[in-house]
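I am keeping notes on what I looked up in this model, in the order in which I looked.

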Amino acid sequence: MPLRRSKQSLSFIVTVTLVILLAFCIKTVSMTEQLSLQTKKISSAPETTVLPQTKYGHLPYSEADPTQLTNVQGKRAEIQAASNFSAMAQAAHQKGIELSVISAFRTISDQQYLFDKKISRSGSAKAAAQLVAPPGYSEHHTGFAFDIGDRQNAETDLREAFEQTNAFRWLSTNAKKFGFELSFPRHNRQGVSYEPWHWRYVNSSLAQKVFLAAERFFSN
Ligand SMILES: [Zn+2]
């Protein structure tokens with residue numbers, strides 16, 4: 001009898017242990033699943049910046065605050081961008097190169113005028129947008145964009161031939177030291193036509209905020 005009782009209690013202990021072990025295993029598996037679900041949630045968290053609605057490849061831009069604009073070569077541009085452009089033009093001048101500002105800040109209504117004129121020449125908004133950004137979608141609205149010319153080769157102003165000038169060659173090497181970069185290089189990811197004359201200032205916290213989507217989604 002004592003032997004049987006001892007066998008019974010042993011089998012009871014084994015059963016209880018097995019049940020506890022099983023319960024522990026189930027709990028561990030469920031915790032692991034939860035953890036992996038949490039990891040999945042983190043890894044599939046949405047980007048903090050979503051791609052804004054583009055128009056024919058052009059990103060939307062707001063008009064600069066007029067109080068943040070100043071005069072540079074008779075055109076208006078954002079204060080810090082203008083000051084850096086002037087420093088850059090001075091450095092180029094030391095090398096015998098004269099940079100001109102063909103265009104800088106433009107209002108949305110300025111752009112509407114240019115865009116409508118381009119539509120009447122090219123026949124459609126889509127064709128016009130290859131050459132001129134639609135109103136509300138131009139980097140020029142921000143005050144940070146400059147169309148730069150070579151004063152000694154003004155016939156190349158706003159033409160692809162600008163890339164053959166000393167001004168363009170000098171800018172290609174030196175513009176980044178002054179915070180400028182080419183917005184639309186050849187075969188740019190935005191699909192906008194190549195504009196060797198169009199440079200944007202990107203070296204301030206405001207400029208970086210303005211061009212966040214351009215840099216994040218279309219960095220060249
Ligand atoms: Zn431009």
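Entry 1, strand pairing. The model is a predicted one, in which I use local features only at pLDDT of at least 70 and side-chain atom pairs only at pLDDT 80 or more, while totals for chains, interfaces and linings use all residues. I number residues from 1 along each chain as its sequence is written. Helices (H or I, at least four residues) and strands (E, at least two) are DSSP runs, numbered from the N terminus. I count two strands as paired if DSSP finds at least two bridges between them.

Strand β5 (residues 180-182) runs antiparallel to β6, with three bridges joining them. Strand β4 (residues 145-150) also pairs with β6 in the antiparallel sense, over three bridges. Here I noted Trp199 in β6 as the bridge partner of Phe146.

Which residues of strand β6 (residues 198-201) are buried on each side? I found His198 and Arg200 buried on one side, and Trp199 and Tyr201 buried on the other, so both faces are covered. Buried means that 20 or more other C-beta atoms lie within 10 Å of the residue's own; exposed means 12 or fewer, and partly exposed is in between, with C-beta atoms placed from the backbone.

Strand β1 (residues 69-72) and strand β2 (residues 75-78) run antiparallel and are joined by four bridges. I listed Glu78 in β2 as the bridge partner of Leu69. Two residues lie between the strands of this hairpin, and Gln73 takes a positive phi near 50° there.

A nonpolar core is a set of buried Ala, Val, Leu, Ile, Met, Phe, Trp, Tyr and Cys residues joined through C-beta atoms within 7 Å. The largest has 33 residues, of which Ala77, Phe85 and Met88 touch the most other members. I find two or more residues given to this core by each of α2 (79-94), β4, α5 (166-174), β5, β6 and α6 (205-210). The most come from α2, which gives six residues. Leaving out residues up to four places away in sequence, Phe85 touches Val72, Ala77 and Phe146. A second, separate core has nine residues, including Tyr61, Ala128, Ala133 and Tyr137.

I noted Ala167, Phe168 and Leu171 as buried in α5. Seen down the axis of α5, its buried residues fall within an arc of 95°, so they line one face of the helix. The arc is that of the directions from the helix axis to the C-beta atoms. The buried residues of α5 pack against α2, β3 (99-103), β4 and β6.

Entry 6, the whole chain. I counted seven helices and six strands. Of the 220 residues, 29% count as buried. Contact here means C-beta atoms, placed from the backbone, within 7 Å. Of the contacts with a separation of 6 or more, 66% are between residues 24 or more positions apart.

The mean pLDDT (the predictor's confidence in each residue, from 0 to 100) is 86 for the protein chain, and 78% of its residues reach 70 or more. Residues 31-46 have pLDDT below 50, and this stretch has zero contacts in the model beyond near neighbours in sequence.

I placed Ala127 in helix α4 (residues 125-129). Ala127 is partly exposed because 13 other C-beta atoms lie within 10 Å. The C-alpha atoms of Ala127 and Tyr56 are 9.3 Å apart, although 71 residues separate the two along the chain.

Notes
Contact = placed C-beta atoms within 7 Å.
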